[in-house]
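Subject: Structure for your files

Hello,

Here is the structure I said I would pass on. My notes on it follow below.

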Amino acid sequence: MTAPAPAGRAPAAAPGDAPAPARIPRFRSARRIPAALTALAVLGVAGLFLYDLIAVRAGRPGMQWRRELADQLGHKTPADPWVLVAAGVLAVAGALLLFLALTPGLRRILSMRPPQPEDGVRAGLERKAAALVLRDRAMEVSGVRSARVAVRRSRVKVRAQSHFRELAEVRADLEEVLTVGIAELGLAHPPQPRVRVTRAPAGKR
């Protein structure tokens, strides 16, 4: 029989109850160039229309291009090919701007797991740096003559060449070493290794 927990004190958590991992967002790009180009385009169009409006209010004739545009729009129908082409271009441009606004960008930086999430400190690791670290770990495996590593968000692709030992043994050792190496990187979302081992050409063994 176990004694009841003292009043005012929460029962101790079971050893197997681990706290839920905090969600670590990806790094987002500022998108300065698309934002600047969009702002300049909107500013230029708005400035032209504002200038024409002020000129008309001042008793001067409006710009020739605006009068021609108004005349053309008065004769065109929604089924006109030029209207459909212009609508398609605007729709594609709007979809591109929405895509740039909603996607985080900075795909070359992988979010790392902070030791204390409540501190608000964020850290990132470039994919090239992670690939170099994992390649060095792969080259330490006995039998590996060369290795190429490509780090993605969800997986790590490793292509290695072996000049001795059985390929299955080399692959098993590579998977074990890479699993440990990925864990030591401290990434928020550790990718899964995918290893491919081939025999090195006879002239390069």
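**Strands β3 and β4**

V144 has S162 in β4 as its bridge partner. The strands concerned are β3 (residues 144-151) and β4 (residues 155-162), which pair in the antiparallel sense over seven bridges. Pairing of two strands here requires at least two bridges between them in DSSP. With three residues between them, β3 and β4 form a hairpin. Strands are DSSP runs of E with at least two residues, helices are runs of H or I with at least four, and both are numbered from the N terminus.

Before the rest, some notes on the source. This is a predicted model, in which local features need pLDDT of at least 70 and side-chain atom pairs count only at pLDDT 80 or more, while totals for chains, interfaces and linings use all residues. Residues are numbered from 1 along each chain as its sequence is written, and side-chain values use heavy atoms, with hydrogens and water left out.

R165 sits in the loop between β4 and α5 (167-185). Its relative accessible area is 25%, so R165 is classed as partly exposed; the classes are buried under 20%, exposed over 50% and partly exposed in between, with a 1.4 Å probe and protein chains only. R165 is not a glycine, yet its phi is positive, at about 75°. For context, most residues other than glycine have a negative phi, and most peptide bonds are trans. The C-alpha atoms of R165 and G143 are 5.9 Å apart, with 22 residues separating the two along the chain.

R165 also takes part in salt bridges, defined as a side-chain nitrogen of Lys or Arg within 4 Å of a carboxyl oxygen of Asp or Glu. One is with D173, where the closest N and O atoms are 2.7 Å apart. Another is with E169, with 3.8 Å between the closest N and O atoms. D173 is partly exposed at 29% relative accessible area, and E169 is partly exposed at 43%.

The search of the whole structure finds five salt bridges. Among them is the one between R137 and E140, with the closest N and O atoms 4.0 Å apart. R137 is partly exposed at 22% relative accessibility, whereas E140 is exposed at 61%. A network of salt bridges links R137, E140 and E184.

**Helix α3 and its cap**

Helix α3 (residues 81-102) has 22 residues. From its first C-alpha to its last it reaches 31 Å, close to the 32 Å expected at 1.5 Å a residue; the expected span is 1.5 Å times one less than the number of residues.

What caps the N-terminal end of α3? The cap is D80, which has a side-chain oxygen 3.0 Å from the backbone nitrogen of W82. This is a polar contact, meaning a pair of N or O atoms within 3.5 Å; within protein, one must be able to donate a hydrogen and the other to accept it, and residues adjacent in sequence count only if both atoms are side-chain atoms. D80 belongs to the loop between α2 and α3. With a relative accessible area of 17%, D80 is buried.

**Nonpolar patch**

A nonpolar surface patch is formed by V45, L48, F49, W65, L69 and L73, which together have about 560 Å² of accessible area. The elements giving two or more residues to the patch are α1 (32-57) and α2 (64-75). Patches are made of residues with over 30% relative accessible area and no salt bridge, joining like charges within 9 Å and nonpolar side chains (Val, Leu, Ile, Met, Phe, Trp, Tyr) within 5 Å. Accessible areas come from the Shrake-Rupley method with a 1.4 Å probe, and for residues only the protein chains shown count as cover. W65 lies in helix α2 and is partly exposed, at 35% relative accessible area.

**K128**

K128 is a residue of helix α4 (residues 127-139). Is K128 buried or exposed? K128 is exposed, with 67% relative accessible area. K128 and V149 are 21 residues apart in sequence, and their C-alpha atoms are 9.2 Å apart in space.

Regards
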